[in-house]
Structure formats: structure tokens, C-alpha cells
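Please read the points below alongside the coordinates. They are meant as a colleague's note on selected features.

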Amino acid sequence: MNGGPSGFTNAPVTRLFIVASAIFTIFFGIQGRFGTLGLSYQDIFGKLRLWKLIMSIFSFSSTPELMFGLYLLYYFRVFERQIGSNKYSVFIVFSILTSLLLEVLAVALLKDPTANLVTPGPYGLIFASFVPFFFDIPVSTRFRVFSFFFSDKSFIYLAGIQLLLSSWKRSILPGMCGILAGSLYRLNVFCIRKAKFPEFISSFFSRIALPSMGSSHATSSSTTRHSVGNLPSHPARQVERNYPAPMQSAVEPSEDSITTLLSMGFDRNSARQALVQARNDVNVATNILLEAQSH
């Protein structure tokens, strides 16, 4: 299992968020101020340190948390490719604000004026992403180690458990808040899954996220629907060296799989052919279509 093509192809928002998180974490690490991060009752209801609220969104409190956190954020870029950068930006904002609100409520209920109850970092976004990961990402391979059974998704879950337990109670609390935020998004509370930012806002952040990739690359995500129409009618032939040819008894692609690819901007005919080539594996079909566009 993979998150699609390597790098940040069609994932500029993820790239911007990862870079920001790394910069803030390194900045506080160089200054030796990891101990000042984290949220406590006093920070919110006492002196109201707003800078801590903002920093808690981006900066991790240790190098191991940074490594596992950025790995998971990098993998979850697959969701930006599935729903588009605009809707993924809405998902990020909703997950962060909702989980932050839940954290503040939890701190208010616990009322411990001395302890830092919440570790910093984008735990809300990361663990909110585990909700669509659980429901929407299929298992492609299974294997057995001794008497234990694993799948290709197990490594992501193990990285998530490591991050969740990295600071014990201080990291479990924001992790649980993130899962709740992701569940609310999946339940489409306030019709949030249909929400979009105005086009000029998404274009502005796309330009920030892709300053060095040239104008043709910076606009690739906005022209996906048009460029896919120029694909040859046999995209499978272009990538037959990387993907196995479909079996003669290939099953007709399911309507749900076709709809998933249509929501990513691909036309129906190309989506169907890619699914046949990928034997109805949505992730592989996505890779086929993206590679076909790059030729």
C-alpha cells in the first residue's frame, strides 16, 4: 500500500503544512524551548497565552514525535489527492479547530492549574485522518508473522499508536479529540463535507505552497479535469511496464470505485479503463491515471 506517486504531486496543502510544522518544531528545539510548549489550565483560563494555542497546532515537542508525525502527515496526503486541495483545506481547518475546542473543554473539566495537560503538535489533524483511513482505504495485502496476522495498513496504525503514546496522557488526550473531530467530519456535521473555500483563497495558498515548481506545475491541480480529457483512450498501454495487464476474466469495476475517481476529477471512461487495468484497486488506478497525465 502507498499514498500514490512519491513526493507532493497534487498535494500542495500537505506540503505547506509539513514544512510549517518542521520549521516551528526545529525553531523551538534550537532554542531549547520544548518545555514551554503544551497547554495547561492556566494558559487558557488564566493568562490566556494565545501564542501557545497557535504553536500547539504546528510544533511537536520532541524529535521522535516530529518524525512519526511528519511520516503520517506525508502518508495522509492521499486524502488531498482524493478530495482535492480545496476540500482538504476545509478538512484541516475543521479538524484542527474542532479538536482544539474539545481539548479546551477537557482542560476546563480537569482543572489542574499546574500541569501541562495537552502536548503540542497537529494531533487533531493526524488522528482525524485515521477515520477516513480506517473506512476508505482498502487493504491490498495481508501477511503473517509467526502467529500474528498483519496487513499493509498495520504499519500506519503502529506509527499512530507510537505517536499516541509518545507523551502518555498528554498525547492521548489530543489524539482522542482528533478522532472525535474526524468522526464528526465523516458524519457530515453542518454539511461540512460539501464546504469549500473561495477560489481566490485556495489559489493564494497553492502559490505559497508551490513557489519553486514553475507556473505549469503550480496550476496542475486546477487543470486536472481538463488535462485528463486529453489522455489517450488506452492509458493502460502507457504504464504496462509498471502494472500487470488485466486478467481476461476481469470483473467490471464497481460503481463506487468509478465514483471515487470521478470525484478526483478524472473522466468516466479513463477511470473505468484504469480500474480494469488495476483489477478494481482504487489506489493503483489512481496511480495509473496520474502517471498517464505526466506523459
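The numbered points below take up helices, annotated segments and cysteines in turn.

1. This is a predicted model, in which local features need pLDDT of at least 70 and side-chain atom pairs count only at pLDDT 80 or more, whereas totals for chains, interfaces and linings use all residues. Residues are numbered from 1 along each chain as its sequence is written, and side-chain values use heavy atoms, with hydrogens and water left out.

2. Helix α6 covers residues 85-110, and its end C-alpha atoms lie 37 Å apart, which agrees with the 38 Å that its 26 residues should span at 1.5 Å a residue (the expected span being 1.5 Å times one less than the number of residues; helices are DSSP runs of H or I, at least four residues, and strands runs of E, at least two, numbered from the N terminus). Just after α6, K111 takes a positive phi of about 50°.

3. The UniProt annotation "transmembrane region", from an unreviewed entry, covers residues 12-30, 50-76, 88-110, 122-139 and 146-165; such annotations may be inferred rather than shown by experiment. Residues 50-76 are 81% helix and 0% strand, with end C-alpha atoms 28 Å apart, while residues 122-139 are 78% helix and 0% strand, with end C-alpha atoms 26 Å apart.

4. As for cysteines, C177 is buried, with a relative accessible area of 5%, whereas C191 counts as partly exposed at 47% (buried means under 20%, exposed over 50%, partly exposed in between, with a 1.4 Å probe and protein chains only). The count of disulfides, taken as pairs of cysteine sulfur atoms within 2.5 Å, comes to 0.
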